Amino acid sequence: MQLTSFTIGNSVIMEPVTVLTDLLIAAICFYGWHKLKKHHFREHRVVRLYRGFLLTMGLATAYGGIMGHALQHYFGFAWKVPGWYISMLSVALAERGAIMHARPYLKEKIGDFLAFFNVFELVAFMVAAGITLKFIYVEVHAVYGMLLVVFSFETYVYVKVKDQGSKNIMIAIVYAFLAMVVHLTHLTIDVYFNHLDLSHCLMAVSIWYIVRGLSRMHFETKA
């Protein structure tokens with residue numbers, strides 16, 4: 001893949017469009033995190049967990065855009081790892097949010113097991129990524145967390161109670177899936193708008209739908 005760059009004074013900024021699309025995702029995440037402060041169920045554990053997802057995903061994409069792309073030539077590869085860990089924590093928070101959203105409709109033992117496994121799989125993938133320094137573990141964790149866990153449990157809630165918030169999150173996961181397909185197939189429009197940029201734009205739409213979904217969620221009681 002041909003890397004683009006531009007120079008500001010004596011500083012070289014690599015992959016400027018990729019950096020901007022990363023920062024776009026971060027901006028939507030931070031906007032959603034702030035907006036949900038006004039949610040009438042802002043203290044509900046599901047909202048808190050999803051707000052944690054938005055905050056950490058915003059931090060991860062901002063860090064990745066700056067350290068992993070813009071300034072990649074000034075820092076070693078290992079500097080990417082903190083961003084990986086923050087994004088994996090973010091996905092785990094989204095998983096837990098979806099599990100807790102569905103928990104009132106699950107048997108208690110199943111809910112307890114899922115809550116435990118949520119922590120176990122996060123630690124396992126973090127250890128694997130840290131030891132091997134391979135991004136594939138971050139990608140697999142994201143696919144497992146967002147496509148398998150979040151989509152499945154929010155679909156379950158929607159089938160049970162027709163929660164419009166869950167419906168929007170389901171739509172968000174579809175966009176996230178499209179972003180993954182673009183990323184894996186390296187679908188590129190132009191050297192200045194490559195597969196990373198396109199996948200980031202799809203992820204930005206995905207995050208927007210998550211924010212929209214969270215603002216429309218309804219709960220019978222606070223927790």
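Is Phe116 buried or exposed? Phe116 counts as exposed, at 53% relative accessibility. Exposed means over 50% relative accessible area, buried under 20%, and partly exposed in between (1.4 Å probe, protein chains only).

1. **Basis.** This is a predicted model; local features need pLDDT of at least 70, side-chain atom pairs count only at pLDDT 80 or more, and totals for chains, interfaces and linings use all residues. Residues are numbered from 1 along each chain as its sequence is written, and side-chain values use heavy atoms, with hydrogens and water left out.

2. The structure holds 7 aromatic pairs. Rings of Phe, Tyr and Trp (its six-membered ring) pair if their centres lie within 6.5 Å; planes under 30 degrees apart count as stacked, over 60 as edge-to-face, the rest as tilted. Trp84 and Phe135 form a tilted pair, 5.5 Å centre to centre with 55° between the planes. Trp84 sits in helix H3 (residues 81–102), and Phe135 in the loop between helix H4 (108–132) and helix H5 (136–161), 51 residues apart. Helices (H or I, at least four residues) are DSSP runs, numbered from the N terminus. Trp84 is buried at 7%. Phe135 is partly exposed at 36%.

3. **A pair within helix H4.** Phe116 and Phe120 stack at 6.3 Å centre to centre, with 25° between the planes. Both lie in helix H4, 4 residues apart, about one turn of the helix. Phe120 is partly exposed, at 46%. Phe113, Phe116, Phe117 and Phe120 form one aromatic cluster.

4. **A charge over a ring.** Lys162 lies over the face of Tyr158, 5.6 Å from the ring centre. The cut-offs: NZ of Lys or CZ of Arg within 6 Å of the ring centre and within 35 degrees of the ring normal.

Definitions and conventions: Helix = DSSP H or I, 4+ residues; strand = E, 2+ residues; numbered from the N terminus.
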